[in-house]
Amino acid sequence: MNLLLYGAPGSGKGTQANMLRTHFGIPHIATGDMLRAEIQAGTALGRQAQPILAAGQYVSDEIMIGIVRHRLGKADCAPGFIMDGFPRTVPQAEALDDLMHELGKRFDRVIYLKVPVEELLHRLSGRLVCPTCQRTYPPQTTACAADGSALVQREDDKPEAVRPRIEIYLDKTVPVLDHYRHERLVSEIDGRGTIDEISSQVLAAVNGKHSSPLMGKSPAAGRAQGALPEKPGDGAKTKTA
Ligand SMILES: [Zn+2]
């Protein structure tokens, strides 16, 4: 089960990644974790990436694809994986397509957790984070349930920083989703509702029982839409042949 997972900050993507990992017993592959692992292991790629990250810059697509290649080649990815945070651009998606092809793998589904911007703003602007383990909590929580640390608000979760973060994410992600829409791989899941409701929709999509809003319109709805402007013939047959 090879999955790609997309969702703006605050969409609940981390929760769903965990659910999928547990449900299918496949690794959750997040870009940041992959980079850190390469650097810690002192691999050639890690040594290339380390100074770039230390300077606060993005590593090149070439290095990133090398790291992804390395990660997907590990034994735990044989039954599948959940990739999160990559690809972020269409060229990266194309490079990943080539890599998947080369590895004899294909994506089963691309999940996009869709939440309206206003809802994301609301969720993020009160969000608290544990400085020790990075788990996030709703407003007014006082301590981390896992380790008891006092929670703090991240600089980039403050209201003035939140909207640009969301907008940048959406601007970058829409073209990437379109890339996968061409292959009919994308399932848009409404990220509002309880965690259980969202989880069951995600699982239904992954198991192939879900059709995305784009592809799942009922025939009746499709006809109703198409019926209005389409009246070929009539006055148009003035063309002199
Ligand atoms: Zn914690």
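User: Where is Arg184 found?

Analyst: Arg184 is found in the loop between α7 and β7. Helices (H or I, at least four residues) and strands (E, at least two) are DSSP runs, numbered from the N terminus. This is a predicted model: local features need pLDDT of at least 70, side-chain atom pairs count only at pLDDT 80 or more, and totals for chains, interfaces and linings use all residues. Residues are numbered from 1 along each chain as its sequence is written.

User: What is phi of Arg184?

Analyst: Phi of Arg184 is near 55°. That is a positive value, and the residue is not a glycine. Most residues other than glycine have a negative phi.

User: Arg184, buried or exposed?

Analyst: Arg184 is exposed, with 12 other C-beta atoms within 10 Å. The cut-offs, with C-beta atoms placed from the backbone: buried is 20 or more other C-beta atoms within 10 Å, exposed is 12 or fewer, partly exposed is in between.

User: What about Gln134, what phi does that one have?

Analyst: Gln134 has a positive phi of about 70°, although it is not a glycine. Gln134 sits in the loop between β5 (128-129) and β6. Gln134 is exposed too, with 10 other C-beta atoms within 10 Å.

User: Next topic, the peptide bonds. What joins Phe86 and Pro87?

Analyst: A cis peptide bond joins Phe86 and Pro87, with omega about -5°. Pro87 lies in the loop between β3 and α5 (90-103).

User: Now the sheet. What order do the strands have?

Analyst: The order is β2-β3-β1-β4-β7, in an open sheet of five strands with parallel pairing. Strands pair if DSSP finds at least two bridges between them. The edge strands are β2 (28-30) and β7 (186-190), each pairing on one side only.

User: By how much are neighbouring strands turned?

Analyst: Neighbouring strands of this sheet are turned by 25° against each other on average, direction ignored. Axes are lines fitted to C-alpha atoms, for helices over the stretch in contact, and angles run from 0 to 180 degrees between N-to-C directions.

User: Let's look at β1. How many of its residues are buried?

Analyst: Five of the six residues of β1 are buried, so β1 is largely enclosed by the rest of the structure.

User: How many bridges join β1 to β3?

Analyst: Four bridges join β1 to strand β3 (residues 81-84), and the two run parallel. Leu5 has Asp84 of β3 as its bridge partner.

User: And how many join β1 to β4?

Analyst: Five bridges join β1 to β4, again in parallel. Tyr6 has Tyr112 of β4 as its bridge partner.

User: In β7, what is the bridge partner of Tyr112?

Analyst: In β7, Glu188 is the bridge partner of Tyr112. Strand β4 (residues 109-114) and β7 run parallel, joined by five bridges.

User: Which strands does helix α7 lie across?

Analyst: Helix α7 (residues 159-181) lies across β1 (2-7), β4 and β7. Its angle to β7 is about 130°. Two residues are in contact if their C-beta atoms, placed from the backbone, lie within 7 Å.

User: Helix pairs next. At what angle do α1 and α8 pack?

Analyst: Helix α1 (residues 13-24) and helix α8 (residues 195-206) pack at about 55°, with their axes 10 Å apart. From α1, the contact is made by Thr15, Gln16, Met19, Leu20 and His23. From α8, Ile195, Ile198, Ser199, Val202 and Leu203 take part.

User: At what angle do α3 and α4 pack?

Analyst: Helix α3 (residues 44-54) and helix α4 (residues 61-72) pack at about 140°, their axes 10 Å apart. Leu45, Gln48 and Ala49 of α3 meet Ile63, Gly66, Ile67 and His70 of α4.

User: Back to loops. Where is the place of Asp156?

Analyst: Asp156 is in the loop between β6 (136-137) and α7. Asp156 is exposed, with 12 other C-beta atoms within 10 Å.

User: What does Asp156 touch?

Analyst: Asp156 touches Ala161 and Arg165, not counting residues up to four places away in sequence. The C-alpha atoms of Asp156 and Leu124 are separated by 9.3 Å, and these residues are 32 apart along the chain.

User: Last one, whole protein. How many helices and strands?

Analyst: The protein has nine helices and seven strands. Buried residues make up 25% of its 241 residues. Among contacts with a separation of 6 or more, 67% join residues 24 or more positions apart.
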